[in-house]
Amino acid sequence: MADKVLVKGNEALGEAAIAAGCRFFFGYPITPQTELSEYMAKRMPKIGGTFLQAESEIAAINMVLGASSAGARAMTSSSSPGISLKGEGISYIAGSDLPAVIVNIQRGGPGLGGIQPSQSDYFQATKGGGHGDYHLIVLAPNSVQEIVSLTFDAFDLADLYRMPVMILGDGMLGQMMEPVVFPEHSERVLPEKTWATDTTKGLRKKNIINSLYIKPDVLEKINFERYARYAEVEAKEARYEGYLLEDAELVITAYGATSRISRNAVNALRAKGIKAGLLRPITLWPFPKDAYKSAAKTAKAFLTVEMSMGQMIEDVRLAIDCLRPVHFCGRTGGMIPTPGEIEAKAEEIARDF
Amino acid sequence: MYFPQKRITIYAGHYGSGKTNLAVNHALALRRTGKRVKILDLDIVNPYFRTQDSEALFREEGIELIASEFAGTNVDIPAVPAAAQSAFDDRETPVIIDVGGDDAGALALGRYQKTIREENNYDMLLVINRFRPLARMPEEAAEIARSIEWASRVPFTGIAANSNLGGETDAETILSSEGYTLEVARLLGLPVVYRAARADLATALRHRLERIQPVEITGKVWF
């Protein structure tokens, strides 16, 4: 299917997952990601896959754990409150060294919050959410076309590093329609799943998937090994997009939908003679620290734009060792920042240059 | 103007086929001929894109909007506005009805099917876009149409062709969709009531396709 189609972000997640070889989807409805579940319910039976609407988010994530244990590519999705419910299962998947793809189309919080777009699950996605020493790879697309390519990457990265990958979107990305192409998925070279609990055919010892370790020294050793793998991910997989960064005195930084709004603001600021640029992290974990360090060479200040009370701003400060002031412009609760708001904040900062 | 002129015009079809935009354009066109017009938002499925998004425009133009008091808020309960009944009771005023996507959305329309059929002064248009996944084949679009009729118990009377690729739509996008449109029409035995096109494209296509209806892009734009 190489023609262009007009697709919603949520539908693109589903079609791309199928193209990437996902044949097991375990869902539970919640606005604003329900179209993904509905899409999978319609498509999976037609291609011999399995769609199952679980009795809860908790059941759905544990079904992913089960399918993944058996070596299948499996996916679940939800929106903010539902992801909180999945927290325990996500930790178990990480602790069992299983690949999995989890989609969070964020809405306003905390609590039941609201249904409008938000980015206030950044901490939850990048710093934990579940318990224990672990990381998720967190991918943050900013267009429907990039949703397609990052969904492909999500399945490959999960298999390559045997860890759960989260696609972190928001209500805007999930709901908006854009023309996209679904290219053929050419997989990376991936290791055999020799650990999977598929049939032994009497030829090997049985595999056991487990996250419980009786002896603390054994658990410590496993955690050390896992963190060696995380170090490899940090070294190899950090990704970002830079726009007009070469001479940028004010580096605006935003991910996902707010990066699109910020880009409009950067163009407007350039037209007014302010040397603004945009640094958009594509991976939120690993965070592209080197890109920030290098942007700090020309930058006099940074401005993070988020649909939250300010969460990614902490990673920006850490990435540049607080060498430059990092300002914040954000809306929360389902409100969306306008280019005008970003421009006004940027002009206020640039007055001190 | 190719918009139907009966007392009631209902827009139904696949998710994201452009029902809301055509309904809004239809209401605006009627209003601009000096008529009193109501628009009824019956979409109880998707709380994100609704006729409500054009509220300011309606106020400015004097179009009466009937929508759930929860539309555009954080409450996503599938509520039909109580005032919806007035659109059927008041048989003097033209009303444009924007129905939710697929059979799931059309279910709400079933609530009013008796009065619609009894008054018998309606058109129900099937909105189609061949660039939408799950509706790319004429057979798929026809199947969606049948499931909508089954859920709403209101028969379609025509087709509003709306094949587009959003901002990337050009004349070729619309021309290359003609075969699809005619095949859906043939499968369902329905006339093509109009082919929607952005104003600049409508001018270019005027002599190449019949019943080209110029439309504006209204509603929610985020970027």
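This is a predicted model: local features need pLDDT of at least 70, side-chain atom pairs count only at pLDDT 80 or more; totals for chains, interfaces and linings use all residues.
Local features need pLDDT of at least 70 and side-chain atom pairs count only at pLDDT 80 or more, while totals for chains, interfaces and linings use all residues. Residues are numbered from 1 along each chain as its sequence is written, chains are lettered from A and ligands numbered from 1 in the order in which they are written, and side-chain values use heavy atoms, leaving out hydrogens and water.

Trainee: Is N10(A) buried or exposed?

Mentor: Start in helix 1 (residues 9-19) of chain A, where N10(A) is found; helices are DSSP runs of H or I, at least four residues, numbered from the N terminus. A polar atom of the N10(A) side chain lies 2.9 Å from the backbone oxygen of P32(A). Buried means under 20% relative accessible area, exposed over 50%, partly exposed in between (1.4 Å probe, protein chains only). Because its relative accessibility is 0%, N10(A) counts as buried.

Trainee: Why does S96(A) count as buried?

Mentor: First, its place: S96(A) is in the loop between helix 4 (80-95) and strand 5 (100-106) of chain A, a strand being a DSSP run of E, at least two residues. Beyond four places in sequence, S96(A) is in contact (heavy atoms within 4.5 Å) with R162(A), I209(A), N210(A) and S211(A). S96(A) counts as buried because its relative accessibility is 8%.

Trainee: Which residue of chain B forms a salt bridge with K42(A)?

Mentor: The contact takes 32 residues from chain A and 23 residues from chain B. Between these chains the count is 4 salt bridges, each a side-chain nitrogen of Lys or Arg within 4 Å of a carboxyl oxygen of Asp or Glu. For K42(A), the closest N and O atoms are 2.8 Å apart, and the partner is D102(B).

Terms used:
A polar contact is a pair of N or O atoms within 3.5 Å; within protein, one must be able to donate a hydrogen and the other to accept it, and residues adjacent in sequence count only if both atoms are side-chain atoms.
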